[in-house]
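Subject: Structure handover

Hi,

Please load it first, then read the notes below.

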Amino acid sequence: NPTPVTITGSTFSKRAEATLYVPEGSKEAYTTADYWKEFTIVEGNVYLGVEINGIRYNLMDDGFKATVIRNTTSDYSGSITIPESVTYEGNTYNVTSIGNEAFYYCSSLTSITIPTSVDSIANFAFYGCSDLTSVTIPENVKTIGNDAFSYCISLPTVTLPESLTTIGSYIFINCISLTSVTMGNNVTSIS
């Protein structure tokens, strides 16, 4: 079992809001160590930036979850349907979230279909997708982060699911074509 490095001061200012990925067999050492115990500790393999069928993911063995992330080699474009799950090195990972800036300024993205396995859409996820005209947000999405659809200037309508409880700030700022937003009854927080 590895021993956590000793850290003092304010190296990480928002530990309580951050996730720390640690090697297999070391979770207990980190959850009891000063400083590190404030993080959410996830144990096991993490695969960062894995591209599967043109979409990039971060994959976590803990719970076998996948997060859609930004494609750093080229922008996403056209019509995209995100799958419910992906397989990598023999393991199946459920796609559970759209990460921060996942489709940031993908100006040629025209439509996006999000699977029912997704429960969160992070900050700036679709920010600046100027050609986006259609988005399908499924039941099960509980949170949508700040500026998630800001500057989607071609987006005409959005239907938010009944499952949605938390909406971040500036979610539709400068969506100049937006004429209709249908919202469920379970929203308890709008920043």
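This is a predicted model: local features need pLDDT of at least 70, side-chain atom pairs count only at pLDDT 80 or more; totals for chains, interfaces and linings use all residues.

**Pocket**

The largest pocket has a volume of about 290 Å³. Which residues line the largest pocket? They are Thr19, Tyr21, Val42, Val46, Leu48, Asn58, Met60, Asp62, Lys65, Thr67, Thr96 and Ser97. By class, the lining has five nonpolar, five polar and two charged residues.

**Arg56**

Arg56 sits in strand 4. Is Arg56 buried or exposed? Its relative accessibility is 16%, so Arg56 counts as buried, the limit being under 20%. A polar atom of the Arg56 side chain lies 2.9 Å from the backbone oxygen of Gly49. Arg56 also forms a salt bridge with Glu51, with the closest N and O atoms 3.6 Å apart. Glu51 is partly exposed, at 43% relative accessible area.

Leaving out residues up to four places away in sequence, Arg56 touches Gly49, Val50, Glu51, Thr67, Val68, Ile69, Arg70, Asn71, Thr72 and Tyr76. One of these, Thr67, also lines the largest pocket. Another, Arg70, comes up again below, in a salt bridge with Glu101.

**Salt bridges**

How many salt bridges does a search of the whole structure find? The search finds three. The pair Glu51 and Arg56 is described above. Here are the others.

- Arg70 and Glu101: the closest N and O atoms are 3.5 Å apart. This pair links distant parts of the chain, 31 residues apart. Arg70 is in the loop between strand 5 and strand 6 (78-81), and Glu101 is in the loop between strand 8 and strand 9 (109-113). Arg70 counts as partly exposed at 33% relative accessibility. Glu101 is partly exposed too, with a relative accessible area of 29%.
- Lys37 and Asp34: their side chains meet at 3.4 Å, N to O. Lys37 has 45% relative accessibility, so Lys37 counts as partly exposed. Asp34 has 61%, so Asp34 counts as exposed; the cut-off is over 50%.

Best wishes

Notes: Residues are numbered from 1 along each chain as its sequence is written. Side-chain values use heavy atoms; hydrogens and water are left out. On a 1 Å grid over the protein atoms alone, a cavity is a set of points where a 1.4 Å probe fits but cannot get out, and a pocket is an open set with protein on both sides within 12 Å along at least five of seven lines; lining residues have an atom within 4 Å of a point. Grid points are joined across faces, edges and corners, and a volume is the space filled by probe spheres set on the points. Ala, Val, Leu, Ile, Met, Phe, Trp, Tyr, Cys and Pro count as nonpolar, Asp, Glu, Lys and Arg as charged, and the others, Gly among them, as polar. Helices (H or I, at least four residues) and strands (E, at least two) are DSSP runs, numbered from the N terminus. Buried means under 20% relative accessible area, exposed over 50%, partly exposed in between (1.4 Å probe, protein chains only). A polar contact is a pair of N or O atoms within 3.5 Å; within protein, one must be able to donate a hydrogen and the other to accept it, and residues adjacent in sequence count only if both atoms are side-chain atoms. Contact means heavy atoms within 4.5 Å. A salt bridge is a side-chain nitrogen of Lys or Arg within 4 Å of a carboxyl oxygen of Asp or Glu.
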